[in-house]
Amino acid sequence: MIFTETVLKDAFIIDLEEKPDHRGFFARSFCAQEFEAHGLKPTVAQCNLSFNYKKGTIRGMHYQILPAAETKLIRCTKGAIYDVIIDMRPESPSFLSHIGVELTPENRRALYVPEMFAHGYQALTDETEVVYQVGEFYTPGYERGLRYDDPFFAIDWPLDVTEISEKDLNWPLLRMMTVGGTSR
């Protein structure tokens with residue numbers, strides 16, 4: 001695997017290192033030892049799959065706080081997504097910064113999302129499928145979120161929004177939150 005650290009501290013784009021032969025190629029898509037060698041948490045507690053009927057669908061921006069903070073390894077297996085992460089760690093030099101990365105089956109990229117990063121994506125094609133390896137169990141009492149259209153972040157989503165859940169529409173704006181939780 002080829003690990004490329006992004007401008008957000010501890011967040012990595014992971015490309016496959018293909019070993020081609022006459023049949024096609026072989027590549028490792030996950031290895032706990034290689035993750036540890038790059039200072040990444042290799043724990044996989046759950047694997048999740050999401051399917052999106054329509055391009056323009058947005059899921060996110062979600063994260064869990066300590067002690068149930070999640071790492072994620074995101075890969076698009078069908079269609080294409082614009083994947084966005086936001087660093088929510090107050091002690092981080094990239095606190096409240098974000099990036100977006102296009103993930104497709106053709107580029108075979110994965111995005112490693114550290115603990116305390118909000119994560120969301122937009123489907124760029126109809127019938128998009130995304131696989132998540134998650135480092136912690138889903139724990140509803142520790143779940144938090146940010147609005148996808150929060151003006152503070154001004155995320156440049158590639159398409160108009162066609163579908164989004166009520167829950168994701170109702171996350172608070174950053175100015176209404178305290179770090180690590182909402183002001184509810």
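Which residues does the UniProt annotation "active site" cover? In this predicted model, the annotation, which comes from an unreviewed entry, covers H62 and Y132.

H62 is part of strand 6, which runs over residues 58-64. Its relative accessibility is 22%, so H62 counts as partly exposed. Beyond residues up to four places away in sequence, H62 touches K72, F117, A118, H119, E143, R144, G145, D168 and W171.

Y132 lies in strand 12, residues 128-134. With a relative accessible area of 11%, Y132 is buried, because buried means under 20%. Apart from neighbours within four places in sequence, the contacts of Y132 are Q46, C47, N48, S50, K72, L73, I74, H119 and Y121.

An open sheet of 5 strands has the order 9-8-11-6-13, with antiparallel pairing. Strand 9 (98-103) and strand 13 (143-145) are at the edges; each has a single partner strand, so one side of each lacks a neighbour in the sheet. On average, neighbouring strands of this sheet are turned by 25 degrees against each other, direction ignored.

Within this sheet, strand 8 (residues 81-87) and strand 11 (residues 117-123) run antiparallel and are joined by 7 bridges. V84 stands opposite G120 of strand 11.

Definitions and conventions:
Residues numbered from 1 in each chain as written. Predicted model: local features only at pLDDT ≥ 70, side-chain atom pairs only at ≥ 80, totals over all residues. Heavy atoms only, no water. UniProt positions renumbered as here; feature names shortened; annotations may be inferred. Helix = DSSP H or I, 4+ residues; strand = E, 2+ residues; numbered from the N terminus. Buried < 20%, exposed > 50% of the residue type's maximum accessible area, 1.4 Å probe, protein only. Contact = heavy atoms within 4.5 Å. Pairing = 2+ DSSP bridges. Axes fitted to C-alpha atoms, helices over the stretch in contact; angles between N-to-C directions.
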